[in-house]
Amino acid sequence: MGVCTSSTAQCLPRQSPIDIQTRRAKYDSSLKPLFIQYDPNTSKRIINVGHCFNVEFDDSSDRSVLSEGPLTSHYRLRQFHFHWGTSDRDGSEHVIDGQTYPAELHIVHWNSQRYSSFEEATKHSDGLAVIGVLLKIGEPNPVLQNIIDNLDKVKTKNKESPFEKFNLSNLLPKERTYWTYLGSLTTSPYSECVTWVLLQEAITISSEQLQHFRGLQNEDEEFILENHRPLQPIEKRLVKSSCK
Ligand SMILES: NS(=O)(=O)c1ccc(NCc2ccco2)cc1
Ligand SMILES: [Zn+2]
């Protein structure tokens, strides 16, 4: 075994978000349909975490899980949150063929088959699976309204409020075809532990509904007007598609 030299294969960064260039995505017939099972009884609370709000779930057992698709383990639902922008012109983190969307939903799961906790899972390359759903401006979304009606209870950082019996499945689009690639957390600590699963169908939100997200305040009691990370280099990564 020779010594490592600069020409020795280095591992390239795998940061998120990226621009999904759909014509370069490769259909992979080995990709399975997603298996998504969310028990409404696992939803617990909504909390303002300073740069966004999280809806958190009881992840003490495998009652709400994501498996199949590109995954080789089952992943336990932990929380979901959104990213948005100062105006409806941008706000999503992932971009599709250069097109930005006004917001993006992230549903965060951790590999409970291999690791003992969310924090431990974030230290491993196959630790997390995050479903990304793009939001487009359209008809008011009654399922999102249920969340928005609770934002006034979590106006400032660290405020939390019970949020029970929420059926997260109702927030997902009908079509579950997806793009998938290996990436990272899009906020600190930017750990390279995420298998991203981006649904190809967007859900709607009205402009008025989206404005409520911008009414949340951070630790300095300033409005959280935007919280989306800039695009990161794709390097040598391939994006796979579950459909032709
Ligand atoms: N935007 S996201 O879906 O990539 C995402 C999801 C989860 C965290 N969690 C941050 C964290 C806390 C402890 C270790 O790590 C950060 C970012
Ligand atoms: Zn996110």
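Modeller: A strand is a DSSP run of E of at least two residues, and strands are numbered from the N terminus. In this predicted model, Glu68 has its place in strand β6, which spans residues 65-68.

Biologist: What is the phi of Glu68?

Modeller: As a general rule, most residues other than glycine have a negative phi, and most peptide bonds are trans. Glu68 has a positive phi, near 65°, and is not a glycine. Its relative accessible area is 35%, and Glu68 is therefore partly exposed. Asp97 is another non-glycine residue with a positive phi, of about 50°. Asp97 belongs to the loop between β8 (95-96) and β9. With 36% relative accessibility, Asp97 is partly exposed.

Biologist: Which residues does the cis peptide bond with omega of about 0° join?

Modeller: That bond joins Ser16 and Pro17, and Pro17 sits in the segment before β1 (19-20). A cis bond also runs from Ser188 to Pro189, where omega is near 15°. Pro189 is in the loop between β12 (178-183) and β13 (194-199).

Biologist: How many residues surround ligand 1, and which are the closest?

Modeller: Ligand 1 is surrounded by 13 residues, of which the closest are His81, His83, Leu185, Thr186 and Thr187. Among the polar pairs, a side-chain atom of Thr186 is 2.8 Å from a nitrogen atom of ligand 1. A polar side-chain atom of His83 lies 3.2 Å from a nitrogen atom of this ligand. A side-chain N or O atom of His106 is 3.4 Å from a nitrogen atom of ligand 1.

Biologist: How many residues has the largest nonpolar core, and which have the most contacts inside it?

Modeller: In soluble globular proteins, nonpolar side chains tend to be buried together. In this model the largest nonpolar core has 43 residues, and Phe80, Phe82, Trp84, Ile147 and Leu171 have the most contacts inside it. Strand β7 supplies the largest share of this core, five residues. Apart from this core lies another, of 22 residues, including Ile18, Trp110, Val130 and Trp196. Returning to Phe82, its contacts beyond four places in sequence include Leu105, Leu135, Leu144, Ile147 and Leu171. Glu104, Asn227 and Phe213 are also among the residues that Phe82 touches.

Biologist: Is Val130 buried or exposed, and what is its relative accessible area?

Modeller: Burial is judged by relative accessible area, with buried meaning under 20%. Val130 has a value of 4%, so this residue is buried. Val130 lies in strand β10 (residues 128-137). Val130 and Gly183 are 53 residues apart in sequence, while their C-alpha atoms are 9.9 Å apart in space.

Biologist: Where is Gln217 found?

Modeller: Gln217 is in the loop between α3 and β15 (240-241). Gln217 is buried because its relative accessible area is 12%. Its contacts beyond four places in sequence include Asn48, Lys155, Glu222 and Phe223.

Biologist: Which residues does His212 touch?

Modeller: Leaving aside residues up to four places away in sequence, His212 touches Ile148 and Leu151. His212 and Ile148 are 64 residues apart in sequence, with a C-alpha to C-alpha distance of 6.8 Å. His212 lies in helix α3 (residues 207-213). With a relative accessible area of 44%, His212 is partly exposed.

How values were computed:
Residues numbered from 1 in each chain as written. Chains lettered and ligands numbered in written order. Predicted model: local features only at pLDDT ≥ 70, side-chain atom pairs only at ≥ 80, totals over all residues. Heavy atoms only, no water. Helix = DSSP H or I, 4+ residues; strand = E, 2+ residues; numbered from the N terminus. Buried < 20%, exposed > 50% of the residue type's maximum accessible area, 1.4 Å probe, protein only. Contact = heavy atoms within 4.5 Å. Core = buried A, V, L, I, M, F, W, Y, C linked by side-chain atoms within 4.5 Å. Near = heavy atom within 4 Å. Polar contact = N/O pair within 3.5 Å; in protein donor to acceptor, adjacent residues only side chain to side chain.
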